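Dear colleague,

Please find below the structure I promised to pass on to you. My notes follow it, arranged by region.

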Amino acid sequence: MRKPFVAGNWKMNTTEAEARELAAAVAAGAAGLACDVALCVPFPHLAAVREAVRGSAVGVGAQDVYWEAKGAFTGEVSTAMLADYCRYVIVGHSERRQFFGETDATVQKKLAAVIASPLDPIVCVGELLEERRGGHTQDVLSRQVCEGLSGVELSARVTVAYEPVWAIGTGETAAPEQAQEACRFIRGELRKMCGGVADQIRIQYGGSVNAENAATLLSLPDVDGALVGGASLKVDQFLAICRAARA
Ligand code: PGA
């Protein structure tokens, strides 16, 4: 009932020329896929990537957004600015939390602004290694979901990405049981907040997803897709991951 959703997160990579080439190659290979596909690209490349994927099934996304509509917020970008260029936006990525001071409270403000806009959010949650080792994974996920996603209308527009921080960019992937257990737990927390709507919300796994491990991860009952960092910069890898997602 939930169509798989694979999103690439290019992070702070690519020149404009590289962005055009990569996006065009993904668009050319994306025909006939059983999943929804999006590329979350650096702000300066949104227009070029939108152009490169035009006419294909590939959606475009941004990697962050600010919650205010406009004003004296140097360096920030609003939902209305993004909505001219893309459909999706990542909110609360662990790198934003780790390096730029984002908290569950700022995630909630950003999410509320996104829900009030035409954009569809991909909200990231996930525990640190020491939190997992200390047996606190569920407490952390519960707090991130209950606080970060509070006070907004939850619907199928929302995607949650479970990204254990220790698996991001490390080459270390969560074991299938760990990924399933965490995603099942997150869906349970969502169910407490929005009842049966939780069964419409897609939950992606993220953290060192690649062409080799994608089929296993994407076959898990509560994993509805992937948020892909490093491997999304390689067209063959990314398309192989997309092909591993079956409806
Ligand atoms: P990775 O990044 O696939 O390179 O681990 C995932 C992410 O940060 O979204």
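**Ligand site**

In this predicted model, an N or O atom in the side chain of E163 lies 2.6 Å from an oxygen atom of the ligand. The side chain of H93 likewise places an N or O atom 2.7 Å from a ligand oxygen.

**The barrel**

Eight strands close into a barrel, with parallel pairing, in the order β1-β2-β3-β4-β5-β6-β7-β8. On average, neighbouring strands of this sheet are turned by 25° against each other, direction ignored.

Which residue of β8 is the bridge partner of V6? It is A226, and A226 is also the bridge partner of Y205. Within β8, G225 and L227 point one way while A226 and V228 point the other way, and all of them are buried.

**Helices against the sheet**

Helix α10, residues 235-244, lies across β1 (5-9), β2 and β8, and runs at about 160° to β1.

Helix α2 spans residues 46-53, and its buried residues are L46, A48, V49 and V53. Viewed down the axis of α2, these buried residues fall within an arc of 160°, so they line one face of the helix. Their cover includes α1 (16-29), the strands β2 and β3, and α3 (79-83). Just after α2, G55 adopts a positive phi of about 85°.

**Two buried loop residues**

D224 is located in the loop between α9 (214-218) and β8 (225-228). Is this residue buried or exposed? With a relative accessible area of 7%, D224 falls under the 20% cut-off and therefore counts as buried. Its side chain makes a polar contact of 2.9 Å with the side chain of R2. Leaving aside residues up to four places away in sequence, D224 touches R2, K3, P4, F5, R187, I201, R202 and I203.

V158 belongs to the loop between α7 (137-148) and β6 (159-162). Its relative accessibility is 0%, so V158 counts as buried. With residues up to four places away in sequence again set aside, V158 touches I115, P121, V123, L149, I201 and R202. V158 and L119 are separated by 39 residues in sequence, and their C-alpha atoms are 9.6 Å apart in space.

With kind regards

Key: Residues are numbered from 1 along each chain as its sequence is written. This is a predicted model: local features need pLDDT of at least 70, side-chain atom pairs count only at pLDDT 80 or more; totals for chains, interfaces and linings use all residues. Side-chain values use heavy atoms; hydrogens and water are left out. Helices (H or I, at least four residues) and strands (E, at least two) are DSSP runs, numbered from the N terminus. Buried means under 20% relative accessible area, exposed over 50%, partly exposed in between (1.4 Å probe, protein chains only). A polar contact is a pair of N or O atoms within 3.5 Å; within protein, one must be able to donate a hydrogen and the other to accept it, and residues adjacent in sequence count only if both atoms are side-chain atoms. Contact means heavy atoms within 4.5 Å. Two strands pair if DSSP finds at least two bridges between them. Axes are lines fitted to C-alpha atoms, for helices over the stretch in contact, and angles run from 0 to 180 degrees between N-to-C directions. The arc is that of the directions from the helix axis to the C-beta atoms.
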